[in-house]
Structures are given as C-alpha cells and as structure tokens.
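Let's take a friendly walk through one protein chain together.

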Amino acid sequence: MVITILMICYTLLSFGIGWFAFSHRQRPFLVFHPEESSVLSHVLIICGTILMVIGVLAAVATIMNNTVFISLTLLAGVIAIMAFQLLLLHWFPKR
C-alpha cells in the first residue's frame, strides 16, 4: 500500500516537472531564458516530453503493481532527471 502511494506521488511529480519544462519552452523561468536560446528551448521540449512519458509509464506501473516495471520506471526517471539537471547547468548564469 505504501509503495502505491509513493508511486502516485512520483507519477505526479514526474509528469508535473515534465509539463512545467514543456510549457516554459518559450518563456523565462527561474534564471533561464529559453526565448533567447533555441537550443535551450529544444532541451526543454525533449526533456519535458521524456519526463511526461515517464510519468505515464509510472502510472501504468502503479496500476499493474509489477515490482520489476516499477523499478525500471524509477531508474529511468532518475536518469532522465539527472540528465535534465546536468543539461540545464550549461545555461546557468556564471558570476
């Protein structure tokens, strides 16, 4: 039961972060300005889409309640979010 609740939270977070990234592909957010950089805009489109797909897969894994599928979905999500953060470092303002 606890795994199901945690997976629902993970699904919402993954899909929410993906939607946030995808919806901010042409407007500024935090310290990033994708409207000034087409490459950053493409990164947001790709990473946002990937995270939304992982969110949908996490929902399917939660409904199926298959431990292996849940583990693979979590691993894919961790790798995708880590890659997204590392890609965003390229556009982080330097002082």
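Does leucine 30 count as buried or exposed? At 75% relative accessibility, leucine 30 counts as exposed, because the cut-off for that class is over 50%. You will find leucine 30 in the loop between H1 and H2. Its backbone is worth a look too: leucine 30 has a positive phi of about 50°, although it is not a glycine. Please keep in mind throughout that this is a predicted model.

Now zoom out to the whole chain. The protein chain has three helices and zero strands, and reading along the sequence gives the pattern α-α-α. Along its principal axes, the C-alpha trace spans about 45 × 20 × 20 Å. Of the 95 residues in the protein chain, 32% are buried. If you take the contacts between residues at least 6 apart in sequence, 63% of them join residues at least 24 apart.

Next, look at how two of the helices meet. Two packed helices are described by the angle between their axes and the distance between those axes. Helix H1 covers residues 2-23 and helix H2 covers residues 38-64; they pack at an angle of about 160°, with their axes 7 Å apart. Angles over 145 degrees count as roughly antiparallel, so H1 and H2 are roughly antiparallel to each other. H1 passes H2 in a left-handed crossing. On the H1 side, the residues making this contact include Thr4, Met7, Tyr10, Phe15, Trp19 and Phe22. On the H2 side, Leu44, Ile45, Gly48, Met52, Gly55 and Thr62 are among them. Sorted by class, the contact of H1 with H2 has 16 nonpolar, eight polar and no charged residues.

Like leucine 30, which has a positive phi, asparagine 65 is not a glycine. Asparagine 65 sits in the loop between H2 and H3, and it is exposed because its relative accessible area is 52%.

Follow the chain onward and you reach helix H3, residues 67-88, which holds threonine 73. Is threonine 73 buried or exposed? Its relative accessibility is 5%, so threonine 73 counts as buried; the cut-off here is under 20%. Which residues does threonine 73 touch, once its neighbours within four places in sequence are left aside? They are Tyr10, Ile54, Leu57, Ala58 and Ala61.

For a contrast, go back to helix H1 and pick out leucine 12. Leucine 12 is exposed, because its relative accessible area is 61%. The C-alpha atoms of leucine 12 and phenylalanine 29 are separated by 20 Å, with the two residues 17 apart along the chain.

Note on methods:
Residues numbered from 1 in each chain as written. Predicted model: local features only at pLDDT ≥ 70, side-chain atom pairs only at ≥ 80, totals over all residues. Heavy atoms only, no water. Axes fitted to C-alpha atoms, helices over the stretch in contact; angles between N-to-C directions. Helix = DSSP H or I, 4+ residues; strand = E, 2+ residues; numbered from the N terminus. Parallel < 35°, antiparallel > 145°, perpendicular 65-115°, else oblique. Left-handed = near helix turned anticlockwise from the far one by under 90°. Contact = heavy atoms within 4.5 Å. Nonpolar A, V, L, I, M, F, W, Y, C, P; charged D, E, K, R; others polar. Buried < 20%, exposed > 50% of the residue type's maximum accessible area, 1.4 Å probe, protein only.
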